[in-house]
Structure formats: structure tokens, C-alpha cells
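Subject: The structure you asked to see

Hi there,

Here is the structure I promised to pass on. Have a look at it first, and then read on for my notes.

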Amino acid sequence: MMRMKRAHRRLTAVVASGLLGAAVVSCGPGHQGAADGGGPGQGSGGAGSTSRTEAAYPGLADVPEKVEPDGSTVLVGDPGARMTVRLYEDPRCPVCKEFETEGGGPVLTEWVLRHKAKVEYTMASFLDPRLGGDGSKKAVNALRAALERGKFAEYHAVLYQNQPAEEVDGFTDARLLQLAGKVKGLRSPSFDAAVRSMKYRGFVNSAESAYAAAGHGAGHAGPGTPTAVVNGYQIPVESNGLLFDPGVFGKFLTLADGPSA
């Protein structure tokens, strides 16, 4: 308990110190950059300084993943990793794509591969009723189907790398299956059937309910996407810019991790 309190104080101090940058409008047209603290070419903030002795996972295909007992969270990474990062995302959210492909996402992946962090994903689908269509729901269902084959993390990366424009309901069954072909070993009769039939509709609904219960942002249920909670500390919206600068995000994770055990 004392260690958790110290970690919370340390994270609060990091935010208050001004290391972290300006606000970002979740799933909006863009964001202001984080404070100058190191960009993509200035390192990942010490992800190589792990005190754990396990060899790094060769790639996402080798990382453990499972559905948590709550039935709405997907856990990716070494369950024994000291750091836990909860991410709230929607597959259609372009700001989530920016985080996952150009911002802190690749840094977080490196931490996961090195056993330094595990990630708890809550995959929301709130953009469907706002924008029209059902692409978010279909994508979350497909991600859950991928988990059955141990391919959630790989497929998650592919979906964000190939995300359609936010206003286009582009995650159709056909497109999701086509993109699944980019993940070795994912396509199968059972996976294809699960995508086409929305087999995991219950999981989709549970994940959206968990997202909605996590707070309110911009007058809507849910904290906005992407939202990150690091070791129980939710990064405030006014500091959300740190998520989009790899160097700053890496420094934040290093500070949040604290002294090596």
C-alpha cells in the first residue's frame, strides 16, 4: 500500500513538473505537441534498463495475452511485470492511431517486450453511434476472435496501421478478414466465422460498458480515447500530449517505474 502511495505521488509530481505537454482533444483533428523533452530520435526513456532477468520476447507473437476475469479487459504482456498500463481505445479513433503508430505506442511495446510493462486494453466502440455504422463494434469483435488464436496484439497493431478515415465506416467484415491475412496464422474457418457472425458481441458490449463507467470526457460517458492509466494513475487530459511524443512518453514511463527493485 505504501509503495502504491509513493508511486502515485511520484506520478503526480511528474505531471506537475511541467515535463508533460499540452492537452489533446480525444479523437479530434489533432493535438498540440508535448513539452520539449526529447523527440522520436532522442531515445525511448530507458526501456533497456530493466532489472528483470528474463530474455526479451522476440516479438508480439510471443507475448502472453488473455481476457481478464472481468470479461471486458484484454491483458497483454508478462503478468509479473511491475508496471501496468491501462489503455482505453476505440478502433476508429484517429488519435488512438497516432498514439499507436507514431507516438508512445511503439515505446510501450518495447517495454512489454522487455517484461517491464503489461497493458490492459479496454476496447470501446462509442464512435459507431456518433459517426454512424458499426465498424468499431466489428473491429472489437474481430480483436476478441484474434485473441482466441493468441493474435490479439499483432492484429491490434495491424488494425491501427491500416485504420480507415474516422468518418468512413471502413472496418467491414471483408476488410477485417483481409487485414487478418497480414497476421501469420490468424485466418482460419473459426476466426472467419467469428468475424462474420459477431460471435463476441457480448464481449463488445461489456467492453463498451466498462469504458462508459470509467469516467466522463467532453460531456460524454467514458474518459475519451486514448486514455492511459499508469500504475493506477490516470494521466490528466491537460497532460495528454505526452502520449504523442515518444521521447517524453519514454521518460514518463521511466519516472513512473521508479528505482529498480
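This is a predicted model: local features need pLDDT of at least 70, side-chain atom pairs count only at pLDDT 80 or more; totals for chains, interfaces and linings use all residues.

Let me start at one end of the sheet: in β8, Q234 is the bridge partner of V229.

**The β7-β8 hairpin**

The two strands run antiparallel, and 2 bridges join β7 (residues 227-230) to β8. Their hairpin has 2 residues between the strands, and N231 takes a positive phi near 50° there. N231 is not a glycine, despite that positive phi. Is N231 buried or exposed, or something in between? With a relative accessible area of 28%, N231 is partly exposed; the cut-off for buried is under 20%, and exposed means over 50%.

In β7 itself, T227 and V229 point one way, while A228 and V230 point the other way, and all of them are buried.

The peptide bond that joins T225 and P226 is cis, with omega at about -5°.

**The whole sheet**

- β3 and β7 are antiparallel and pair over 4 bridges; L87 stands opposite A228 in β7.
- β3 and β4 run parallel and are joined by 7 bridges; M83 stands opposite A117 in β4.
- β2 and β4 pair in the antiparallel sense over 3 bridges; V76 has V119 as its bridge partner in β4.

Of its 7 residues, 7 are buried, so the strand is largely enclosed by the rest of the structure. A117, V119, Y121 and M123 point one way from β4, with K118, E120 and T122 pointing the other way, and all are buried. Notice that the buried set includes K118 and E120.

In the loop between α3 (105-113) and β4 you will come across H115. H115 has a positive phi of about 65°, although it is not a glycine. At 5% relative accessible area, H115 is buried.

Does the length of α9 agree or disagree with what its residue count predicts? At 1.5 Å a residue, its 12 residues (201-212) should span 16 Å, and the end C-alpha atoms are 17 Å apart, which agrees.

The buried residues of α9 are F203, V204, A207 and Y211. Seen down the helix axis, these buried residues fall within an arc of 105°, so they line one face of α9. As for what they meet, the buried residues of α9 pack against β2 (74-76), β3 (83-89), β4 (117-123), α5 (135-147) and β6 (220-221).

**The nonpolar core, and a buried lysine**

Which residues touch the most other members of the largest nonpolar core? They are Y155 and F191, in a core of 65 residues. α5 gives the most to this core, with 7 residues. Not counting residues up to four places away in sequence, Y155 touches A142, L143, A146, L176, L179, A180, V183, L186 and F191.

Finally, look at K151, which is found in the loop between α5 and α6 (152-161). K151 counts as buried because its relative accessibility is 15%, and the cut-off is under 20%. Leaving aside neighbours within four places in sequence, K151 is in contact with E65, A146, V183, K184, G185 and L186.

Happy to go through any of this with you.

Best wishes

Methods. Residues are numbered from 1 along each chain as its sequence is written. Side-chain values use heavy atoms; hydrogens and water are left out. The expected span of a helix is 1.5 Å times one less than its number of residues. Buried means under 20% relative accessible area, exposed over 50%, partly exposed in between (1.4 Å probe, protein chains only). The arc is that of the directions from the helix axis to the C-beta atoms. Contact means heavy atoms within 4.5 Å. Two strands pair if DSSP finds at least two bridges between them. A nonpolar core is a set of buried Ala, Val, Leu, Ile, Met, Phe, Trp, Tyr and Cys residues joined through side-chain atoms within 4.5 Å.
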